[in-house]
Structures are given as C-alpha cells and as structure tokens.
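Please look through this report with the model open beside you. It goes from open space to packing, then to single residues.

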Amino acid sequence: MNAAEALRALRLRPKAELHLHLEGSVRPATLVRLARAAGSPLFPDLAAVRARRRFDGLPGFLSLYRDVCRLLRSPADFALLARDLTARLRRERITYAEVYVSPAIVDRLGLDWLAVRDAVEAVFAGHERRGHGRIRVLLDAVRHFGPDAAHRVLDLHARHPWPRAVGFGLGGDELALPARDFASVYRRLDRLGLAPVVHAGEVGGPDSVADALRWLKPRRIAHGVGAAGDPALVRRLARSDVALDVCLTSNDATGAFPLPRSPVLALLRAGVTVTLATDDPGLFGTTLLGEYRCLARLGATPLELAAVARSGFRAAFAPPGRHQPPRPATGSARTRS
Ligand code: HPA
Ligand code: ZN
C-alpha cells in the first residue's frame with residue numbers, strides 16, 4: 001500500500017480527533033451570518049473569512065479568535081457552532097472527538113454558562129443519539145486570562161458538573177504566563193474527575209513543554225512540537241504515556257512551524273505518541289484528512305499514518321469500547337457508548 005492508498009483507506013475508516021475548539025469549528029458561512037446578525041463589518045462575505053487564514057504569529061491568530069468570539073451573542077449562537085462541528089464530524093467520519101469548550105470565553109462575553117452549556121449539550125447529545133459517534137468535552141481556560149479565571153472554570157464545574165466533560169485544558173497565549181502559575185488549578189482536577197491537558201510547545205520551546213510537564217502533569221499536550229529542540233526531553237516524552245495532539249495546518253498558518261519545518265515525523269520516529277487534529281478547522285480551512293495528507297507529504301509511511309490514527313483512539317480520555325477502534329477488516333461505522 002502506498003501513501004495515497006493509505007489516505008483513501010483513512011477517509012473511509014472511523015477516526016478520532018482530540019484537539020478541536022468549539023469556536024474555531026465555525027463554518028465560514030456561519031461566520032458571515034453571525035457577523036451580519038451582530039451588525040459587524042468584520043466578515044461581510046466568504047472571501048473576507050478566507051483572507052484571514054494566515055497570521056503573523058500566534059497573537060495574530062488569537063486576535064482573529066477574539067473577533068470571532070465577540071460575534072457570539074446567545075446560547076443559540078453556540079448551538080450553531082456545535083451544529084457546524086457535528087456536521088463536520090459526520091462528513092469526515094470522525095466517530096470520537098474531544099472538543100474544547102471554554103466557559104472562560106462564555107464568561108467574558110457576559111453570557112450565562114449553564115444556558116450555553118445546555119444548548120451545546122443538546123446538539124452533542126443528538127449527534128450521539130443518531131449513532132454518529134461519541135463526543136466528549138475538555139473544559140477550557142485561557143492562559144492569558146490568568147489563574148483566577150481558570151479557577152472559576154473549575155468552580156463552575158464543581159457546582160454544576162457536566163457529565164460530558166472528561167478533561168480540562170489551557171489554551172490561549174502560551175508565552176503570556178508560566179505553567180507554574182496554574183499549578184494550583186491543575187491540582188484540583190483529580191478530585192473533579194477531569195484529566196489534565198495543556199497547550200504547550202506551540203510557540204514555546206522545550207522549556208515551556210518541560211515546565212508544563214513539571215507543574216501541570218498533563219496526560220496529553222496540545223501541539224507539543226516545540227519539545228523537539230531538546231533530545232533529552234523527546235526521550236522523556238517517548239518513555240512516558242503523554243501524547244502530543246499535533247495540528248500541522250494550524251502550526252503552518254500561525255507561522256509557529258511552517259509545514260516543511262515541522263518536527264512531527266522526527267518526534268514520531270523517536271517513539272513519541274502523536275495524534276493529529278485540526279485545532280480550528282473553520283478558521284484554518286482544514287479537515288482531519290487534510291492533516292494526514294500533510295503528514296504524508298512530510299514523508300510518513302502508510303504504517304506510520306495508521307499508527308497515528310490508532311493513537312487517536314488510544315490516547316482518548318474516554319476510550320471507545322472494543323467496537324470503535326479502526327479495524328481495517330471490519331469497516332463497521334456504528335459507534336455505541
Ligand atoms: N492555541 C492557543 N489557543 C487556541 C488555539 C491554539 O491553537 N486554538 C484556539 N485557541
Ligand atoms: Zn488548540
């Protein structure tokens with residue numbers, strides 16, 4: 001089997017995606033509709049959305065993210081995002097997804113968290129009920145909002161647990177505050193039944209990843225590619241169970257790692273567990289298969305592509321039952337909880 005055949009097989013096979021943000025899943029057409037409804041001149045048409053797909057660094061992307069979030073004015077708007085997201089999961093045959101949903105952003109927008117949560121939950125539950133696959137939530141805080149805002153996310157979850165939430169993560173500007181500032185936040189996770197993840201090694205280097213490991217003890221790292229600069233750290237990751245949820249198009253678009261310079265293949269070949277994901281498919285204009293295509297372009301073999309696809313299921317916080325892992329021979333599409 002060559003890489004093209006492996007990619008064709010992957011298109012048909014059930015896949016898992018572990019690094020995907022709700023707001024970043026907005027379809028361009030939805031963005032135009034939201035902007036119109038909000039009376040905003042920001043995204044008058046699809047061309048205007050596409051024109052903002054390249055950034056001069058992570059801050060440029062986070063500024064777009066802020067613009068997108070400011071258009072969200074009601075729980076119904078969040079339901080629209082959730083519908084865009086589930087439609088894509090169905091289209092791409094992604095039967096297991098862990099989705100970052102950010103109470104910190106909802107709070108900033110002055111919206112009621114429980115109303116937003118219920119609107120999103122109804123869409124995710126409908127997707128599961130119709131047998132399209134399972135969705136789990138990673139509650140998300142934003143690093144540059146600071147540790148107090150992150151604690152508030154956990155306070156909300158402690159008061160009103162969301163059964164769909166299986167983990168807690170930290171996105172935003174990796175360079176704004178050190179991981180150490182969030183140690184007290186992450187110490188609460190075990191008691192709340194939330195698995196720890198963190199965005200690190202996106203624009204930060206090995207020190208940022210090492211700090212995240214030391215202070216936050218994540219089970220997975222979102223991005224993590226910045227670890228590649230330190231061979232000892234790479235060996236440590238390879239020995240550990242910590243997986244890296246790598247997003248090649250995102251790294252390319254933000255300039256964090258232009259695709260040809262991505263160290264993902266070196267990490268994989270050093271024995272680090274890697275999963276592939278789209279991060280913000282609506283804003284970067286990518287698909288999960290597109291991410292596998294990027295990895296193939298870097299030289300991954302069919303066996304390596306299949307190993308990464310398997311890792312998507314194995315590194316999940318709510319591992320699917322024995323029906324779900326991709327088995328080339330069965331072709332079974334249905335998922336059951
Ligand atoms: N990095 C940091 N914050 C984010 C990202 C990301 O890739 N996507 C959405 N928020
Ligand atoms: Zn991300």
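## Basis of the values

This is a predicted model, where local features need pLDDT of at least 70, side-chain atom pairs count only at pLDDT 80 or more, and totals for chains, interfaces and linings use all residues. Residues are numbered from 1 along each chain as its sequence is written, chains are lettered from A and ligands numbered from 1 in the order written, and side-chain values use heavy atoms, with hydrogens and water left out.

## The largest pocket

Rolling a probe the size of a water molecule over the atoms shows where empty space is left. Here a pocket is an open set of points on a 1 Å grid over the protein atoms alone, where a 1.4 Å probe fits, with protein on both sides within 12 Å along at least five of seven lines. Grid points are joined across faces, edges and corners, and volume is the space filled by probe spheres set on the points. The largest pocket has a volume of about 440 Å³. Its lining (residues with an atom within 4 Å of a point) has 24 residues, and Tyr65, Ile105, Val142, His144 and Phe145 are the closest to the centre.

Helices (H or I, at least four residues) and strands (E, at least two) are DSSP runs, numbered from the N terminus. α4 (58-69), α6 (103-108) and β3 (134-142) each supply at least two lining residues. The most come from α4, with six. By type, the lining has 10 nonpolar, six polar and eight charged residues. Nonpolar means Ala, Val, Leu, Ile, Met, Phe, Trp, Tyr, Cys and Pro; charged means Asp, Glu, Lys and Arg; the others, Gly among them, are polar.

## Nonpolar cores

Buried means under 20% relative accessible area, exposed over 50%, and partly exposed in between (1.4 Å probe, protein chains only). A nonpolar core is a set of buried Ala, Val, Leu, Ile, Met, Phe, Trp, Tyr and Cys residues joined through side-chain atoms within 4.5 Å. The largest has 100 residues, and Leu22 and Phe168 have the most contacts inside it. A second, separate core of 15 residues includes Ala16, Val166, Val197 and Phe313.

Contact means heavy atoms within 4.5 Å. Beyond its neighbours within four places in sequence, Phe168 has contacts that include Leu139, Ala150, Leu154, Tyr186 and Pro196.

## Two threonines

Thr249 lies in helix α13 (residues 248-254). Thr249 counts as buried because its relative accessible area is 16%. Its side chain makes a polar contact with the side chain of Glu291 (2.5 Å). Such a contact is a pair of N or O atoms within 3.5 Å; within protein, one must be able to donate a hydrogen and the other to accept it, and residues adjacent in sequence count only if both atoms are side-chain atoms.

Thr275 sits in strand β8 (residues 273-276). Thr275 is buried, at 1% relative accessibility. Leaving out residues up to four places away in sequence, Thr275 touches Leu18, Asp245 and Ala315, among others.

## Helix α16

Eight of the 10 residues of α16 (residues 288-297) are buried, so the helix is largely enclosed by the rest of the structure. Among them are Leu288, Glu291, Tyr292 and Cys294. Just after α16, Gly299 takes a positive phi of about 115°.

Arg93 has a positive phi, near 55°. Arg93 is in the loop between α5 (75-91) and β2 (94-101), and is partly exposed at 23%.

Asp279 also has a positive phi, of about 70°. Asp279 is in the loop between β8 and α15 (281-284), and is buried at 3%.
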